[in-house]
Amino acid sequence: MNHDVFISYSRSDYMDENKQVIPGNVISKIKDMFDENGISYWFDEECVYSGDAFARVIAKNIRTSKILLFISTATSNESPWTSDEIAVARAYEKKIIPFRYDNSQYNEAVILYLAKLDFIDYQTNP
């Protein structure tokens, strides 16, 4: 199934340590906005995959999406998975849109790809 957007994010920005969705989190707000506007998206909410199967599922869903939306936070910039997702999006020549939720610096593994891109700045325009 094709999607408009692949949402790249850190799970700790979405769920607490008990795997409960954090009320009012930014990922839920973005999903709600997409739903309200008929924008299809994919993100790994259930975390039901592991190992190689997980990597294949992620890569396939990046490939079949038009855009990768990177939710940039302190925790997502520390995640090797978000770095890998951005690298896969680059390999598939996908449009990447950084959504800077906070003022954290981009991960050094991806700053070269993201530094010159326009971004959505939640701090100035929530």
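How many salt bridges does a search of the whole structure find? I got two. I counted a side-chain nitrogen of Lys or Arg within 4 Å of a carboxyl oxygen of Asp or Glu.

Ground rules first. I am working on a predicted model, where local features need pLDDT of at least 70, side-chain atom pairs count only at pLDDT 80 or more, and totals for chains, interfaces and linings use all residues. Residues are numbered from 1 along each chain as its sequence is written, and side-chain values use heavy atoms, with hydrogens and water left out.

**Entry: Asp-4 and Lys-66.** I looked up this salt bridge and found its closest N and O atoms 3.3 Å apart. Asp-4 sits in strand β1 (residues 3-8) and Lys-66 in strand β3, 62 residues apart. I took helices (H or I, at least four residues) and strands (E, at least two) as DSSP runs, numbered from the N terminus. Lys-66 is exposed at 57% relative accessibility. Asp-4 is partly exposed at 22%. My cut-offs: buried is under 20% relative accessible area, exposed over 50%, partly exposed in between (1.4 Å probe, protein chains only).

**Entry: Arg-11 and Asp-44.** This salt bridge has an N to O distance of 2.7 Å. Arg-11 lies in the loop between β1 and α1 (26-36), and Asp-44 in the loop between β2 (41-42) and α2 (51-63), so the pair ties together parts 33 residues apart in sequence. Asp-44 is buried at 7%. Arg-11 is partly exposed at 22%.

**Entry: β3 and β4.** I checked how β3 (residues 65-72) meets β4 (residues 95-100). The two run parallel, joined by six bridges. Pairing takes at least two bridges found by DSSP. Phe-70 stands opposite Pro-98 in β4.
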